[in-house]
Amino acid sequence: MGASETSHPRTPTPSLPRDAGEGAASGEGMSANATTLRAALLSLLILAAFLGAWEFAARSGGGGSGEALDPEYAALLGQAAAAGGQTPFPMPSEIAVRLWELVRDPFYIRGPNDQGIGIQLAYSLARVGAGFLIAAAVAIPLGFLIGMSPLLSAALNPFIQVLRPVSPLAWMPLALYTIKDSSVSSIFVIFICSVWPMLLNTAFGVATVRKEWLNVARTLEAGRLKTALRVILPAAAPTILTGMRISIGIAWLVIVAAEMLVGGTGIGYWVWNQWNNLSLADIVIAILLIGLVGLLLDRLLGMAARAVAWAE
Amino acid sequence: MSNAYVSVEGIARRYPGATIFENLWFDVKRGEFVCLVGHSGCGKTTVLNILAGLEAPSDGVVIVDGQEIVGPSLDRAVIFQGHALMPWMSAEQNVAFALSCRHPSWGKTQLREAARAALEKVGLGHAAEKKPAQLSGGMKQRVGIARALAIAPKMLLMDEPFSALDALTRGALQEEVSRLVTEADQTAFMITHDVDEAILLADRILLMTNGPEARLAEVVVNTLPRPRDRASLHHMPGYHELRDHILDFLITRSRTLAGAPPAGWDPKLVPEVRPAQPQITPPPRAAA
């Protein structure tokens, strides 16, 4: 299959070999549980050590360094500078307090520039969802055609190979110019970045369906549609799902950057807004939440992949 | 050739620069079991694929039931060498899929029941819910047989169906196929390497010379009486002559006869031999 020669569509999303949910523990049954428990304990220990060191470092070093500033310059810069020239890096305990504040009331709306963190995440998720679904609706049928037709595969391959490595953000100006709506433009950017892995994986999965299964369908005189839906689709489903899983990961990476660019709403915009406010605690919280939501999305697709998986 | 169900008329398979076989003529009569024996590379599988309609011959035609083959048909079911079951479907769903192609109007329950019945016939009623991955090699091939027979084909095509199985399972399945085919008076065409398998199942055994440019060298008529079973097959009078004849062919004559045919060779009149009937062998013409 030409379209897939420079990529590795079957490569699963990267994760540690003993990733918690995957449960690929291959050791003896008895010690597997003990290992999980010990790993969890070790994780907690590492986390505690990291947070402790951070707290300690911030408390002892980060505060006012006390060096004298020119009073006039200090007056010009205002409060923050007067305190010592630098915003102190937040301590984990401060971040925890702030996190509690944000999570306690995630869905408030006080004007366009002050909305709850839940609302911001929901905006981002809605954009990712919309872009991803449109991409799936385009990529899976098109991938089917490419996978079934060597001619189409060869004809479209150059376009795919050139467009695939383009950073989705490079499309943003064109999207803004043509669509003239920042929110729809970010959905378009999500679409363009998540379409390629799904397209290539679908084409690859369809092109590599076992010849003998197709021969079975032919000798049974199953029609084209029936063959596509009952033989090719289930055979290629695991590969397609792998592509979707890669896509959703990329989409979630890209939405933050896209929203930083276009502004308005969304978690990416929120991060940028908090940077302008110099609320570093909020940025740390955003990083944490973005990570958690990304994990959740990946797990959802992982569950879907398990549902369509088959073993020989 | 009036009562022939299948009539193969001068088919050939050529690739640029190589002829695998050409000018192949034979027929399969209704209710007859024909085995094709030969070494790898003589184009056996291609012959079967042409009969199935999966491949088109480079030359010649195959007439089935008075009509030229143009593509695959539900009337000619194939049992594949690898079981070729869909791994995402249970045994029952695999059979039901075939049935749904034969009977598009059937509802879900009707398909289920018919699939169950087909699996019961091959002794797999208990495994209907299992996925192929949970079945042993022999069970998978049984499902493949059930799938092929469920659609009540006019002809059964088998491409070394048991070659991937261990000897015990193979024996059991050979008897099973022998029973099912006899019960249904099924017309069948099978490719095999296994001489005993051919003797057990076939009415006629077609012997092909080595490729390239393979040809049908001889038709061995299996005169051993039915029913035959594996336990007593080798005690039947004539069995050893038959077996030795085929083995001799496979070991030496398939090689020495390969290449250009002898002068006056008529591909439409391949010599028939009856090694299991020693009383009438030399010369066969005298007995008639």
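Two strands are said to pair if DSSP finds at least two bridges between them. The model shown here is a predicted one, and in it A12(B) stands opposite D59(B), which belongs to β4(B). The strands concerned are β1 (residues 4–15) and β4 (residues 59–64) of chain B, which run antiparallel and are joined by five bridges.

From β4(B) one can go on to strand β5 (residues 67–68) of chain B, for these two strands also run antiparallel, with two bridges joining them. Within this pair, I63(B) has E68(B) of β5(B) standing opposite. The strands β4(B) and β5(B) form a hairpin that has two residues between them, and in its turn D65(B) has a positive phi of about 55°.

Chain B also has an open sheet of seven strands with mixed pairing, and its order is β6-β7-β8-β3-β9-β10-β11. Why is one side of β6 and of β11 of chain B left without a neighbour in the sheet? These two strands stand at the edges and each has a single partner strand, so one side of each has no neighbour there. Elsewhere in the sheet, strand β3 (residues 33–37) and strand β8 (residues 187–192) of chain B run parallel and are joined by five bridges, and V37(B) has T192(B) in β8(B) as its bridge partner.

Helices lie against these strands. Helix α8 (residues 239–256) of chain B packs on the sheet, where it touches β3, β9, β10 (216–221) and β11 of chain B, and its direction makes about 165° with that of β10(B). Helix α1 (residues 44–52) of chain B, for its part, lies across β3, β6, β7 (155–159), β8 and β9 (204–208) of chain B and runs at about 155° to β7(B).

On the scale of the whole chain, chain B is divided into domain 1, made of residues 4–75 and 153–287, and domain 2, made of residues 86–152. How far apart do the C-alpha centres of the two domains of chain B lie? The distance between them is 28 Å. Twelve residues of domain 1 of chain B are in contact with twelve residues of domain 2 of chain B, and on the domain 1 side the largest share, five residues, comes from helix α5 (residues 167–184) of chain B. That side of domain 1 of chain B has ten nonpolar residues, one polar and one charged.

Seven of the residues of the contact of α2(B) with α4(B) are nonpolar, one is polar and one is charged.

Terms used
Residues are numbered from 1 along each chain as its sequence is written. Chains are lettered from A and ligands numbered from 1 in the order in which they are written. This is a predicted model: local features need pLDDT of at least 70, side-chain atom pairs count only at pLDDT 80 or more; totals for chains, interfaces and linings use all residues. Domain bounds come from an automatic or database domain assignment. Two residues are in contact if their C-beta atoms, placed from the backbone, lie within 7 Å. Helices (H or I, at least four residues) and strands (E, at least two) are DSSP runs, numbered from the N terminus. Ala, Val, Leu, Ile, Met, Phe, Trp, Tyr, Cys and Pro count as nonpolar, Asp, Glu, Lys and Arg as charged, and the others, Gly among them, as polar. Axes are lines fitted to C-alpha atoms, for helices over the stretch in contact, and angles run from 0 to 180 degrees between N-to-C directions.
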